[in-house]
Structure formats: C-alpha cells, structure tokens
Amino acid sequence: MKIQKVLNILTLLTGAIAVTSTSLWIGKQAYFWLPPQAAAESQLIDDLISFLVTLGAFIFLGVTSTLMYSVIFHRAVKDDFTDGPPIEGNVTLEVVWTAIPILLVFWIAGYSYQVYEQMGIQGPSELVHLHNPLAMESAYAAPANALAEPVEKIDVLAKQWAWVFHYPERDITSTELHLPSDRRVRLALKSQDVLHGFYIPAFRLKQDIIPNHAIDFEFTPILAGQYRLTDSQYSGTYFATMQANVIVESPENYQQWLAQAATQKPSPAKNQAASEYAQRSNQSVKTGWVTVPPAASVLVNSPG
C-alpha cells in the first residue's frame, strides 16, 4: 500500500513537470506567431501574449492529461455498468477549484493593467481627467540613444476615409507615415468626423481617436521596414480602404525624405474611398442605400 502511494506521488510529480515544461515551451513559441517587433513597446505585448499562451496551455494540458490518465488507469472493468460512488460535500475541493480561477483572473488582470500603464494608452478616463498616462514608461526596451534625441512630433488626422500626416517642423503633409528608427515619436491624434482607431500590428499599438479631442501618443520604432496602419474602428462604408503605409527608416534616410518632400509641390492625394464612391455613383443600378460621401482629397507634398 505504501509503495502504491509512492508510485502515485511520483506519477503526479512527473505529470506536473511534463505539463509545466510543455506549457513553457508552447508559450515561447507564441513569439513566432506574431509580426516582427517593430517598436520598443511590442515586447510588452508579446510578453503578455506569451504569458497567456503558457497559462492556457498549462490548463488545457493539465485537464486533458488528467482525463486521459483517468480513462486509461481508472476505467471500469468490462460489463460493469454500476454507478460510481456518490462522493459529495468535499468543502476543501470546492474551495480550491473556486480560489484558483479567482487568483488566476486577478493575476491576469494585474499583469494586463501593468502593461496598459506602461504602454500609456489613453482610454475614456483621460476624457474625464481622472488619469492621464501621457508620460509613457515604454522607453522599456528602447535604445538608450532614443531618449537622448529630441522627440519627433507628427500630427495625425483621421477622417472618412483617409489618414493625413503633417510634419510641423518642415510643414510637410503626406499620406504615408515616415518615422525615424530608434527615436522617440509623439503623434498628435485627431479625428475630423467620427471615432477612428490608430492601429499598427507590427508595433502592437492601438489608440482610439475621439472627435473633438487631441490625444498625444508616444512610442519608439526600432526596426526599419514598411508596415501597415489600419483603422481598428468601424468608421463607415469605406473604412476598409482607410489604410496607410508606415515607413520606418534610419534617422539619416528620414531626414533625406523630409528634405526631398519639402521641395515637392503639393498635389491632391490619392483617395481610394473617393474613387470607389465615384464608381458607385456612376452605376446604372441604384441600391437605395445611403452612403456618406468620402472626405475630399487633401493636398500633400508626398502622396506615397
């Protein structure tokens, strides 16, 4: 009897070690499921996702391995159709399986809120002046020289259905967002009409843009390349066309682009939503659905 008890404990420990090791390995694989970390802040989100995947894998493997163990080693003998023993009233077990999920939920909530604070994303509380996390802590993982250089300030206007970027120091307007790598960037986000969402998956950044409110949003690009900005909020008929290229380049190339764009004469920007709306207006068959006309194209130095 004592040997059987020792064997049961060893089996439990071996299973727990196997499930924990496998869960940690699966959690590490989560980093490869995501886009490249193109901003310093992306490491915060990737660590949180890896943590959630690890925790989910541990629960899933723990439950399924327990079920498999029970099916294999504790199944009823052939032709035994009797009911199992009516076990009930185990207060300790009920307390444990209630307390563990509660603690896990508090753990996840605390970790997520900590990331939320470090990212400095501004929610509804910013509008009622309860809390304004403007000074973001997300220099986390950023190169040291990013903090030594002055912050690059860019105005971002969202409207149905286009993004417009203005560089006030050079008075340059563009439909592409150009950013210097390893430099702190501060965007002044504004909406011309309805609620929009500034979302760059490669940066792991999403910020709601609320009409009649200017929202400052900071981050640090760290990986040169071309990425995609989309509107994360449904903003009307042609919201799927509301996308823009995000170009992260070295500070030298960024300054060259600014200098080149400053020499270009402003011209109307390409507006995909306006083009599709014009095609729809010229159709002989009318659906009867009312569609908001897209905002007029703006004059830009760099149409992208």
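# A guided tour of the model

Start by colouring the protein chain by pLDDT, the predictor's confidence in each residue, from 0 to 100. The chain has a mean pLDDT of 83, and 86% of its residues reach 70 or more. What you have open is a predicted model, in which local features need pLDDT of at least 70 and side-chain atom pairs count only at pLDDT 80 or more, while totals for chains, interfaces and linings use all residues. Residues are numbered from 1 along each chain as its sequence is written, and side-chain values use heavy atoms, leaving out hydrogens and water.

**Stop 1: confidence.** Helices (H or I, at least four residues) and strands (E, at least two) are DSSP runs, numbered from the N terminus. Select helix α4 (residues 124-127), where confidence is lowest, at a mean of 47; it is highest in β4, at 94. Now widen the selection to residues 124-141: pLDDT stays under 50 there, and the model has 35 contacts (heavy atoms within 4.5 Å) beyond four places in sequence for this stretch.

**Stop 2: the sheet.** Next, show the five strands that form an open, mixed sheet in the order β4-β10-β9-β6-β7. Two strands pair if DSSP finds at least two bridges between them. At the edges are β4 (177-180) and β7 (205-209), each pairing on one side only. On average, and with direction ignored, neighbouring strands here are turned by 20° against each other; such angles run from 0 to 180 degrees between N-to-C directions, with axes fitted as lines to C-alpha atoms, for helices over the stretch in contact.

Zoom in on β9 (residues 225-231) and β10 (residues 243-249), an antiparallel pair joined by six bridges. Find Leu229 and look across to Ala244 in β10, which stands opposite.

**Stop 3: two packed helices.** Select α2 and helix α3 (residues 91-119), which pack at an angle of about 170° with their axes 10 Å apart. That angle makes α2 roughly antiparallel to α3 (over 145 degrees). Show side chains where they meet: Phe51 and Leu55 are among those from α2, and Trp107 and Tyr111 among those from α3. The contact's residues divide into 13 nonpolar (Ala, Val, Leu, Ile, Met, Phe, Trp, Tyr, Cys and Pro), two polar (the others, Gly among them) and one charged (Asp, Glu, Lys and Arg).

**Last stop: Ser42.** Ser42 lies in helix α2 (residues 42-73). Is Ser42 buried or exposed? Ser42 counts as buried (under 20% relative accessible area, with exposed over 50% and partly exposed in between, for a 1.4 Å probe and protein chains only) because its relative accessibility is 0%. Leaving aside neighbours within four places in sequence, select its contacts: Gln37, Ala202, Phe203 and Arg204.

Terms used. Parallel < 35°, antiparallel > 145°, perpendicular 65-115°, else oblique.
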